Amino acid sequence: MKKKVAASVKRSTPKPNKKKTLRSTKTIMAKKLPVPPPKPTFKEDPGFAQAVQNYEAGLKAMQEHKFDRAKTLLEKVVATGLKEISDRARMHLSSCNQQLANSATSFKSQEEHFDYAVSLMNAGQYEPSRNHLEKILKQNAKADFALYGLAVLDCLTGQVEESLKHLSDAIRLNPHNRFQARNDSDFQNMADDPRFTELLYPEPNDPPPATPEYKKR
């Protein structure tokens, strides 16, 4: 019998197994999630820009010892509620209030104290202004300028009777206040009140002005 020749088997070199890399679920999920919009920049957020501007102006006013103006500006910053800047503004506002409280008892003169009260009135801080005007009168009951200031303040806050009383007292102590009141636009709310007209334009033979209480009896 013929011997069968064993067929030579060609052994091919093994091909490396290419495993498919599976994407992790985390990567897939990350791609599907929407990308949050970027935070607005300084130029794109006018509210934040205004708060920063008020904050810087407030600090400058404090450095110049203009604590009334600084307080107003810093209060605007705190009112925005912006965490990035309102906390710092609140800290400086506290310091500003302390300075104002200290200065309230260290005026060089009653005239300087009066100017401070008027500045509060002009800023719309009516109650603090009233407190300072009343302090002046406690120190000097004949301070006609303080009575005049109270008359203006009462008129601005709608207290007509009190305004007439204080204005009458101011004119009685200093007749010049009558002429000042004639050109004072702060009394425009009482321009049509006949009692106000009588105070400003009395008859030649009229006695000195009295307080309005006698008119109510």
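1. Among contacts in the protein (heavy atoms within 4.5 Å) between residues at least 6 apart in sequence, 53% join residues at least 24 apart. The model is a predicted one, in which local features need pLDDT of at least 70 and side-chain atom pairs count only at pLDDT 80 or more, while totals for chains, interfaces and linings use all residues. Residues are numbered from 1 along each chain as its sequence is written, and side-chain values use heavy atoms, with hydrogens and water left out.

2. The secondary structure comes to 11 helices and 0 strands, where helices (H or I, at least four residues) and strands (E, at least two) are DSSP runs numbered from the N terminus. Of the 217 residues of the protein, 30% count as buried, a term that means under 20% relative accessible area, with exposed being over 50% and partly exposed in between (1.4 Å probe, protein chains only).

3. Two packed helices are described by the angle between their axes and the distance between the axes. Here the axes are lines fitted to C-alpha atoms, for helices over the stretch in contact, and the angles run from 0 to 180 degrees between N-to-C directions.

4. Helix α2 (residues 46-63) and α3 pack at an angle of about 155°, with their axes 8 Å apart, and α2 is therefore roughly antiparallel to α3; angles under 35 degrees count as roughly parallel, over 145 as roughly antiparallel, 65 to 115 as roughly perpendicular and the rest as oblique. The contact is made by A51, N54, Y55, A57, G58, A61 and M62 of α2 and by F67, R69, A70, L73, L74, K76, V77 and T80 of α3. By class, this contact of α2 with α3 has 10 nonpolar, 3 polar and 2 charged residues, with Ala, Val, Leu, Ile, Met, Phe, Trp, Tyr, Cys and Pro counted as nonpolar, Asp, Glu, Lys and Arg as charged, and the others, Gly among them, as polar.

5. A70 has its place in helix α3 (residues 67-80), and A70 counts as buried because its relative accessibility is 0%. Leaving aside neighbours within four places in sequence, A70 is in contact with G58, A61, M62 and C96. A70 and H92 are 22 residues apart in sequence, and their C-alpha atoms are 9.1 Å apart in space.

6. S86 is found in helix α4 (residues 83-103) and, at 4% relative accessibility, counts as buried. A polar atom of the S86 side chain lies 2.7 Å from the backbone oxygen of L82. Not counting residues up to four places away in sequence, S86 touches V77, V78 and G81.

7. The axes of helix α6 (residues 126-139) and helix α7 (residues 144-156) come within 9 Å and cross at roughly 155°, so α6 and α7 are roughly antiparallel to each other. The residues making this contact include Y126, L133 and L137 of α6 and F145, L150 and L153 of α7. By class, the contact of α6 with α7 has 10 nonpolar, 2 polar and 3 charged residues.

8. The axes of helix α5 (residues 110-122) and α7 come within 11 Å and cross at roughly 5°, which makes α5 roughly parallel to α7. On the α5 side the contact is made by Q110, E111, F114 and M121, and on the α7 side by F145, A146, G149, V152, L153 and L156. By class, the contact of α5 with α7 has 7 nonpolar, 2 polar and 1 charged residues.

Terms used:
Polar contact = N/O pair within 3.5 Å; in protein donor to acceptor, adjacent residues only side chain to side chain.
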